[in-house]
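Hi,

Here is the structure I promised to pass on to you. Have a look around it first, and then read my notes below.

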Amino acid sequence: MNAEISTQRLSATPRGARLARRLTALQLAAWGHPYDSEVNRTAQQLVAELAANAVTHGRLPGRDFELRLLLFPEETVRIEVSDPRGDRQLRFINEPEGERGRGLILVSLLALTWGVAERDVGKTVWVELALKEPGL
Ligand SMILES: Nc1ncnc2c1ncn2[C@@H]1O[C@H](COP(=O)(O)OP(=O)(O)OP(=O)(O)O)[C@@H](O)[C@H]1O
Ligand SMILES: [Mg+2]
């Protein structure tokens, strides 16, 4: 199964995270899903959360993070955000009044499926998103 792929290395800073979001919007538009479409906005939200996590929790000094976007022929987009930290300590934080823990809950609600995979160096948090509503 062939996928179209876009890969970017970005600095592990808030600026790098914002850039990840903008590059995602551009790539989805290039793949035929305009900026203001639901799919494009959802992909931007997902990348924003995963990139924010990569540059805060997954950061190692002097190391970049990586954004990969894959478009599969059956109309699924896979988003992969890789960071250099090997610990895969992702968890849901359950603090109703808390300021933290919204990211992964949002990811789990917006994604078709998602998970965390080991890499040679660090880990990849991945999310898949359907581009079409089932049955359309
Ligand atoms: N890339 C990552 N590397 C290491 N730990 C992570 C990573 N992403 C998430 N985590 C862990 O999972 C927890 C939950 O992540 P989540 O995004 O839900 O919350 P948060 O980042 O703490 O707060 P918020 O996203 O609401 O600003 C984080 O606090 C962190 O401990
Ligand atoms: Mg977060």
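Let's start with a pair of charged side chains: Glu-80 and Arg-68 meet in a salt bridge, with 2.9 Å from N to O. Keep in mind as you read that this is a predicted model. The two partners come from distant parts of the chain, with Glu-80 in strand β3 and Arg-68 in strand β2, twelve residues apart.

How covered are they? Glu-80 has a relative accessible area of 11%, so it is buried. Arg-68 comes out at 23%, so it counts as partly exposed.

Glu-80 has another partner too: it forms a salt bridge with Arg-78, and here the closest N and O atoms are 2.7 Å apart. Arg-78 is at 18% relative accessibility, and because buried means under 20%, Arg-78 counts as buried. Zoom out a bit and you'll find a network of salt bridges that links Arg-68, Arg-78, Glu-80 and Glu-128.

How many salt bridges are there by this rule? The count comes to six. Another one to look up joins Asp-64 to Arg-9, with 3.1 Å between the closest N and O atoms. This pair also links distant parts of the chain: Asp-64 sits in strand β2 and Arg-9 in strand β1 (residues 4-11), 55 residues apart. Asp-64 is partly exposed, at 32% relative accessibility, while Arg-9 is exposed, at 62%.

Now for the nonpolar side chains. In soluble globular proteins, these tend to be buried together. In this model, the largest nonpolar core has 27 residues, and Phe-65, Leu-67 and Ile-79 are the ones that touch the most other members. Which elements give two or more residues to this core? They are the helices α1 (14-30) and α2 (38-56), plus the strands β2 (64-72), β3 (76-83) and β5 (123-130). Helix α2 provides the largest share, with eight residues.

Some nonpolar side chains are out on the surface, though. Phe-92, Ile-105 and Leu-109 form a nonpolar patch there, and together they have about 330 Å² of accessible area. Leu-109 belongs to helix α3 (residues 103-110). Is Leu-109 buried or exposed? Its relative accessibility is 67%, so Leu-109 counts as exposed.

Cheers

Terms used. Residues are numbered from 1 along each chain as its sequence is written. Chains are lettered from A and ligands numbered from 1 in the order in which they are written. This is a predicted model: local features need pLDDT of at least 70, side-chain atom pairs count only at pLDDT 80 or more; totals for chains, interfaces and linings use all residues. Side-chain values use heavy atoms; hydrogens and water are left out. Patches are made of residues with over 30% relative accessible area and no salt bridge: like charges are joined within 9 Å, nonpolar side chains (Val, Leu, Ile, Met, Phe, Trp, Tyr) within 5 Å. Accessible areas come from the Shrake-Rupley method with a 1.4 Å probe; for residues, only the protein chains shown count as cover. A salt bridge is a side-chain nitrogen of Lys or Arg within 4 Å of a carboxyl oxygen of Asp or Glu. Helices (H or I, at least four residues) and strands (E, at least two) are DSSP runs, numbered from the N terminus. Buried means under 20% relative accessible area, exposed over 50%, partly exposed in between (1.4 Å probe, protein chains only). A nonpolar core is a set of buried Ala, Val, Leu, Ile, Met, Phe, Trp, Tyr and Cys residues joined through side-chain atoms within 4.5 Å.
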